[in-house]
Amino acid sequence: MSLSQVGTIAVHPQNPDIVFAALLGSPFGPGLQRGVYRSLDGGKSWKKMGLEKSEHIGRILVDPRDSRVVWVAAYGPLWSGGGERGVYRSADSGETWTQVLKVSDDTGVADILLDPRRGRDGARALLRGHGDRRPAGPH
């Protein structure tokens with residue numbers, strides 16, 4: 001991973017060697033480095049794990065009970081529709097992603113919270129559409 005803008009970072013609460021980061025790419029280029037990255041050695045080395053088309057990621061959560069389960073809140077492009085928007089979940093440490101919440105091509109997710117009492121359905125999201133001036137609401 002070279003010089004890039006970092007959007008958000010998540011460190012596993014029980015294992016600080018497991019780190020996820022969302023990169024926004026270069027502020028002056030095409031954003032070839034965008035996406036989610038994972039480190040299994042505390043940040044010494046990184047592997048790109050996908051979600052490049054999300055462009056902007058509001059939050060990454062690593063499930064404290066199972067480090068293989070990762071949640072991502074994806075805004076998508078800020079000034080246009082499309083891209084990877086919504087909430088994504090991985091059950092294999094980011095190797096593959098499943099979109100578990102999509103509202104529309106214009107609505108991204110700003111933040112997610114994990115309620116550990118609810119198991120794998122414990123994520124709750126705050127939605128935000130591009131150009132939407134209303135307050136974000138919980139879903």
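Eight salt bridges are counted in this structure, which is a predicted model.

**Arg 34 and Glu 55**

- Arg 34 and Glu 55 join their side chains in a salt bridge, with an N to O distance of 3.8 Å.
- Arg 34 sits in the loop between E2 and strand E3 (35-39), while Glu 55 sits in the loop between strand E4 (47-50) and strand E5 (57-62), so the pair ties together parts that are 21 residues apart in sequence.
- Arg 34 is buried because its relative accessible area, 18%, is under the 20% limit.
- Glu 55, with a relative accessible area of 23%, is partly exposed.

- Lys 47 pairs with Glu 95 in a salt bridge whose closest N and O atoms are 3.2 Å apart.
- Because Lys 47 belongs to strand E4 and Glu 95 to the loop between strand E7 (86-90) and strand E8 (98-101), this pair ties together parts that are 48 residues apart in sequence.
- Both partners are partly exposed: Lys 47 has a relative accessibility of 39%, and Glu 95 has 41%.
- A network of salt bridges links Arg 38, Lys 47 and Glu 95.

**Lys 48 and Glu 52**

- Another salt bridge connects Lys 48 with Glu 52, and here the closest N and O atoms are 3.8 Å apart.
- Lys 48 is partly exposed at 31% relative accessibility, and Glu 52 is partly exposed with a relative accessible area of 36%.

**The cavity**

- One cavity of 30 Å³ or more is found in the structure, and the largest cavity has a volume of about 30 Å³.
- The residues lining the largest cavity are Ala 22, Leu 23, Leu 24, Arg 34, Gly 35, Ser 54, Glu 55, His 56 and Ile 57.
- Arg 34 and Glu 55, both in that lining, are also the partners of the salt bridge at 3.8 Å, N to O.
- Strand E2 (residues 19-25) contributes the most to the lining of the largest cavity, giving three residues.
- Sorted by class, the lining comprises four nonpolar, three polar and two charged residues.

**The surface patch**

- Val 6, Ile 9 and Val 11 make a nonpolar surface patch of about 260 Å².
- Val 11 is part of strand E1 (residues 5-11).

Methods: Residues are numbered from 1 along each chain as its sequence is written. This is a predicted model: local features need pLDDT of at least 70, side-chain atom pairs count only at pLDDT 80 or more; totals for chains, interfaces and linings use all residues. Side-chain values use heavy atoms; hydrogens and water are left out. Patches are made of residues with over 30% relative accessible area and no salt bridge: like charges are joined within 9 Å, nonpolar side chains (Val, Leu, Ile, Met, Phe, Trp, Tyr) within 5 Å. Accessible areas come from the Shrake-Rupley method with a 1.4 Å probe; for residues, only the protein chains shown count as cover. A salt bridge is a side-chain nitrogen of Lys or Arg within 4 Å of a carboxyl oxygen of Asp or Glu. Helices (H or I, at least four residues) and strands (E, at least two) are DSSP runs, numbered from the N terminus. On a 1 Å grid over the protein atoms alone, a cavity is a set of points where a 1.4 Å probe fits but cannot get out, and a pocket is an open set with protein on both sides within 12 Å along at least five of seven lines; lining residues have an atom within 4 Å of a point. Grid points are joined across faces, edges and corners, and a volume is the space filled by probe spheres set on the points. Ala, Val, Leu, Ile, Met, Phe, Trp, Tyr, Cys and Pro count as nonpolar, Asp, Glu, Lys and Arg as charged, and the others, Gly among them, as polar. Buried means under 20% relative accessible area, exposed over 50%, partly exposed in between (1.4 Å probe, protein chains only).
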